[in-house]
Amino acid sequence: MTLPAREGLVPRLAGTCVLGLVLAMSAQGLAEARSGLSDRPPLPAMGPSLRKAVAFATTEQPGTIIIRKSEKALYLVTRQGQALRYQISVGRDGFGWTGVVKVGAKTEWPQWRPPREMRARQPELPELVPSGPYNPLGARALYLLRDGHDTLYRIHGTNDPSGVGFDGTSGCFRLTNTDVIDLFKRVPVGTKVVVQ
């Protein structure tokens, strides 16, 4: 049996020690991260899909979003006479609105800056909630613009799947995270949105 030359052995031993140190540090970091995460609430569920294909009569073109607040439903017209129907929450009394807007931007895991008016009503709200799974806008947001100006209203997800299907928002339209991810993939920036 021959031993490797001394000059080849030292770098290999050094490399093995560094690798061992990195693995030990990684294991320690992972343990610390796990203990830090145990202080946080569990990750929210994505929620069920409340989406279904339905017959839908409209003169709007395929690709248009039609929101019928009285039905608590968002329809994405897929072809003449057909649409995908998503169950949504809508604005509570005093926060409903109608009109034609466009999707001006889309964001995955958006951050949330409560508008000044909302913070005046609810001073306990923070100035900013960073993006991520604990953000009240959920997994995706579609930003609604009128004549190129932000309306401050969104079509967005929620980390509380039980928060869909009633009048409870400040004018935004809320879907389960599962459904908003599906809608987000189907809808490009510039999409027409009709709110009735």
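Author: Contact, as used here, means heavy atoms within 4.5 Å. The model is predicted, with local features needing pLDDT of at least 70 and side-chain atom pairs counting only at pLDDT 80 or more, while totals for chains, interfaces and linings use all residues. Residues are numbered from 1 along each chain as its sequence is written, and side-chain values use heavy atoms, leaving out hydrogens and water.

Reader: Which residues does Asp-182 touch, not counting residues up to four places away in sequence?

Author: Those would be Arg-51 and Tyr-86.

Reader: What makes Arg-51 and Asp-182 a salt bridge?

Author: The rule asks for a side-chain nitrogen of Lys or Arg within 4 Å of a carboxyl oxygen of Asp or Glu. Arg-51 and Asp-182 come in at 3.5 Å, N to O, so the pair passes. Arg-51 sits in strand S1 (residues 51-55) and Asp-182 in helix H3 (residues 177-186), so the bridge ties together parts that are 131 residues apart in sequence. Those labels are DSSP runs, numbered from the N terminus: helices are H or I with at least four residues, strands are E with at least two.

Reader: How do you know whether Asp-182 is buried or exposed?

Author: Buried means under 20% relative accessible area, exposed over 50%, and partly exposed in between (1.4 Å probe, protein chains only). Asp-182 has 14%, so it's buried. Arg-51, at 31%, falls in the partly exposed range.

Reader: What makes Arg-140 buried or exposed?

Author: Arg-140 has a relative accessible area of 12%, so it counts as buried.

Reader: And how do you know that Arg-140 forms a salt bridge with Glu-108?

Author: The closest N and O atoms are 3.8 Å apart, so the pair is within the limit. Arg-140 belongs to strand S7 (residues 140-146) and Glu-108 to strand S6 (residues 99-108), so this bridge ties together parts 32 residues apart in sequence.

Reader: How many salt bridges does the rule give?

Author: The count comes to eight.
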